[in-house]
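I opened the notebook to go through this structure piece by piece, beginning with a loop and ending with a helix. The entries follow in the order in which I looked things up.

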Amino acid sequence: MARAPESLELNTNEVADKALDRDCTTLSRHVLQQLQSFSPQAQDLSALMNRIALAGKLIARRLSRAGLMEGVLGFTGEVNVQGESVKKMDVYANDVFISVFKQSGLVCRLASEEMEKPYYIPENCPIGRYTLLYDPIDGSSNTDTNLSLGSIFSIRQQEGSDLNGEAADLLASGRQQIAAGYILYGPSTMLVYTIGRGVHSFTLDPSLGEFILTEENIRIPDHGSVYSVNEGNFWQWDEPIREYVRYVHRTEGYTARYSGAMVSDIHRILLQGGVFLYPGTLPKPEGKLRLLYESAPLAFVIEQAGGRATTGHMDILEVVAKKLHQRTPLIIGSPKDVAKVESFIQNGH
Ligand code: FBP
């Protein structure tokens with residue numbers, strides 16, 4: 001049998017090398033590549049991201065089997081610091097994030113939507129200079145109906161000793177974030193992150209049990225046809241937001257998409273463009289979404305991809321938190337679409 005021409009052989013080898021290299025680009029390796037350093041700090045951040053990936057794998061496994069297991073779905077009967085009824089998956093996922101950081105020397109403090117005060121891992125303090133802020137299950141209303149869900153995370157450096165446990169150093173702007181991202185539990189499980197050097201996505205390969213690089217330096221389109229908002233709140237909004245929604249209703253080229261899980265809606269918008277809104281309402285002008293572990297991490301990701309995130313009056317990343325569970329109106333997505341919403345808020349059209 002005739003030998004393949006050298007160039008074809010070389011080409012085939014190159015393709016094979018590339019595929020192998022891609023299959024070996026795990027999250028922890030990618031973080032080191034991004035930092036172009038093997039310093040202790042770089043190793044720490046790489047190890048930290050790897051533990052977040054482990055949390056994602058554990059939660060994805062639980063969700064994929066939830067329908068076959070007893071006592072995994074449904075409510076606990078408790079109400080959390082947000083005044084919301086707690087789902088069993090919320091508690092499980094919250095505990096998973098704590099457990100993966102035990103005996104790590106990395107994260108001294110964890111703050112989440114499910115805990116009134118930050119949780120301290122004594123064996124990691126004070127050596128662990130990082131704080132993890134997270135929403136263990138985003139889209140909780142979807143847990144019992146097998147619809148897509150997310151986890152949102154943000155990493156900050158601990159400033160000062162925080163001896164009184166009030167975590168006052170966390171009440172700073174979103175610009176203090178060192179890294180942020182989300183895990184999307186959909187048909188496949190994906191992890192999207194930034195350390196301030198672009199936005200990169202990974203897909204969990206169940207056969208390897210590894211998050212493998214899928215796309216690097218993702219750029220959000222300038223504009224998209226999608227608008228994502230819960231129109232059921234229409235009469236609770238102030239006039240400018242109502243006017244914006246009337247505008248998209250009468251303007252060709254817009255399509256509504258709202259999954260009930262912000263992470264899923266934001267992921268679609270990151271890839272296809274558009275805008276997601278959770279505005280304030282007349283009864284709750286600050287809206288529903290939490291600043292430190294929902295809006296600020298997603299704002300960091302979307303800004304790094306060339307998009308924008310605003311309260312309607314200022315960039316989300318400029319907002320200095322006044323309390324740990326502070327809420328904020330959120331308008332996030334493609335720059336042109338966010339600017340359109342802003343134009344209604346700031347000058348009524
Ligand atoms: P949870 O973190 O408690 O799930 O709240 C956030 C969220 O579920 C978002 O994911 C979603 O976009 C929004 O709230 C849905 O809220 P609503 O049902 O009021 O539209």
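Entry 1, a loop residue. I began with Thr 25, whose place is in the loop between α1 (6–23) and α2 (27–35); helices here are DSSP runs of H or I with at least four residues, strands are runs of E with at least two, and both are numbered from the N terminus. Before going further I noted that this is a predicted model, in which local features need pLDDT of at least 70 and side-chain atom pairs count only at pLDDT 80 or more, while totals for chains, interfaces and linings use all residues. I also noted that residues are numbered from 1 along each chain as its sequence is written, and that side-chain values use heavy atoms, with hydrogens and water left out.

Is Thr 25 buried or exposed? I found a relative accessible area of 4%, so Thr 25 counts as buried, the term meaning under 20% relative accessible area, with exposed over 50% and partly exposed in between (1.4 Å probe, protein chains only). The side chain of Thr 25 reaches the backbone oxygen of Asp 21 at 2.8 Å, which I list as a polar contact, that is, a pair of N or O atoms within 3.5 Å; within protein, one must be able to donate a hydrogen and the other to accept it, and residues adjacent in sequence count only if both atoms are side-chain atoms. Leaving aside neighbours within four places in sequence, I listed the contacts of Thr 25 (heavy atoms within 4.5 Å) as His 30, Gln 33, Phe 202, Phe 211, Ile 212 and Leu 213.

Val 72 sits in the loop between α3 (40–65) and β1 (75–79) and is buried, with a relative accessible area of 3%. Leaving aside its neighbours within four places in sequence, Val 72 is in contact with Arg 62, Ala 66, Lys 88 and Met 89. I also looked up Arg 156, which is 84 residues from Val 72 in sequence and 31 Å from it in space, C-alpha to C-alpha.

Gln 103, in the loop between α4 (88–100) and β3, has a positive phi of about 50° although it is not a glycine, and I recorded it as exposed, with a relative accessible area of 64%. Ala 167, in the loop between β6 and β7 (177–185), has a phi near 55°, again positive in a residue other than glycine, but at 2% relative accessibility Ala 167 counts as buried.

I traced an open sheet of eight strands in the order β4-β3-β5-β6-β7-β8-β9-β10, with mixed pairing, where two strands pair if DSSP finds at least two bridges between them. Its edge strands are β4 (119–120) and β10 (210–215), each of which pairs on one side only. Within the sheet I looked at β3 (residues 107–112), where six of the six residues are buried, so this strand is largely enclosed by the rest of the structure. β3 pairs with β4 in the antiparallel sense over two bridges, Arg 109 having Tyr 120 as its bridge partner in β4, and the two strands form a hairpin with six residues between them. β3 also pairs with β5, in the parallel sense over five bridges, and Ser 112 has Tyr 134 as its bridge partner in β5. From β5 (residues 130–138) I moved on to β6 (residues 149–157), which pairs with β5 in the antiparallel sense over seven bridges; there the bridge partner of Tyr 134 is Phe 153.

For α8 (residues 335–347), the 13 residues at 1.5 Å a residue should span 18 Å, and the end C-alpha atoms are 18 Å apart, which agrees; the expected span is 1.5 Å times one less than the number of residues. Among the buried residues of α8 are Pro 335, Val 338, Val 341 and Phe 344, and what covers the buried residues includes α5 (239–250) and β15 (330–333).
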